[in-house]
Amino acid sequence: LQRAEDFGPVEVISHWHPNLTINMVDDHTPWVKGSVPPPLDQYVKFDALSGDYFPILYFNDYWNLQRDYFPINESVRRLPFRLSFCPLSLWRWQLYAAQSSRSPWNFLGEDLYEQSDEEQDSVKVALLETNPYLLALTIVVSIVHSVFEFLAFKNDIQFWNSRQSLEGLSVRSVFFGVFQSLVVLLYILDNETNVVVQLSVLVGLLIDLWKITKVMDVRLDREQRVAGLLPRPRFTDKSTYVESSTKVYDDMAFRYLSWILFPLLGCYAVYSLLYLEHKGWYSWVLSMLYGFLLTFGFITMTPQLFINYKLQSVAHLPWRMLTYKALNTFIDDLFAFVIKMPMMYRIGCLRD
């Protein structure tokens, strides 16, 4: 009803699945009425007179994937149908029943449950169609990726938290990193992406936002408010950054960089608008910015490289974080093939 109000009348279309699996639960437990734990209690039916329970029949649709359903109407004359009838052990029945049950207290809305159906299907497809060795490799790769990601985040925070001087570090690159992380996060949220990837990008964005407070003095101007409500943030360069030659080199590098980046951005925006397909203007802006960062993002490293060249030193860089990031790029290459993510994000993993 809510969707009909938002989007207009919707047509309910019947769907058919060719598989029906009926399991007879092979169980001899002396259950007593009222003592059967949920969610099994909804399947055990007791006789009102004797107190005995009937043989447990379980209609098992756990392996019926969403993609295998197809729509039917009065024009369909023949339908495939495969019936499987077999026994099922108690512990496997408990697993199926627990996976199929849903909480009656649905506070989270239907959209989240629809998304969880897609996530569950992706897991089922991985279990059904993936080679066992590749499946084991996927699990190992996911764990190693998470560990390296955590270590990179931890050392990045430690480096910036303990940093007293900003000499040799590109402050402008920190702000550009925030913009880049925000574009990536919005892009993967606009496309179907694994939750692990979304959380990883979100944590990276929060750390980049926190870095701003370490590289600049941030204060809230309560006299001049944004839209008359929120205090306006004021950013001023730290003294260790202003007094060093790093600021001169940083400004010089970004000035030269803007001469290249902005014309390329304009050309890529026109190309994306004319030759690529998009869901809407919002998706066009996100995919255009992300595609531009993907293609020319390596140019954003040049300010730090320029500063390193001018100072003739790299001792000021966060080496531990860079090491874990470098190791994680090789893990990401495997990660990109086994985890659900947009094609452009997958290319970005291989590009790194």
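View 1. Where pLDDT is low, the predicted coordinates should not be read in detail. Across the chain, the mean pLDDT is 79, with 89% of residues at 70 or more. Local features here need pLDDT of at least 70, side-chain atom pairs count only at 80 or more, and totals for chains, interfaces and linings use all residues. Residues are numbered from 1 along each chain as its sequence is written, and side-chain values use heavy atoms, leaving out hydrogens and water.

**View 2. An open sheet of three strands.** The order is E3-E2-E5, with mixed pairing; strands (at least two residues) and helices (H or I, at least four) are DSSP runs numbered from the N terminus, and two strands pair if DSSP finds at least two bridges between them. E3 and E5 sit at the edges, each pairing on one side only. E2 and E5 run parallel, joined by eight bridges.

**View 3. Helix H2 and its buried face.** In H2 (residues 90-100), Trp 93, Tyr 96 and Ala 97 are buried, meaning under 20% relative accessible area with a 1.4 Å probe, protein chains only. Seen down the axis of H2, these buried residues fall within an arc of 95 degrees (taken from the directions from the helix axis to the C-beta atoms), so they line one face of the helix. They pack against strands E2 (19-26), E3 (57-60) and E5 (82-89).

Methods
Buried means under 20% relative accessible area, exposed over 50%, partly exposed in between (1.4 Å probe, protein chains only). Contact means heavy atoms within 4.5 Å. pLDDT is the predictor's confidence in each residue, from 0 to 100.
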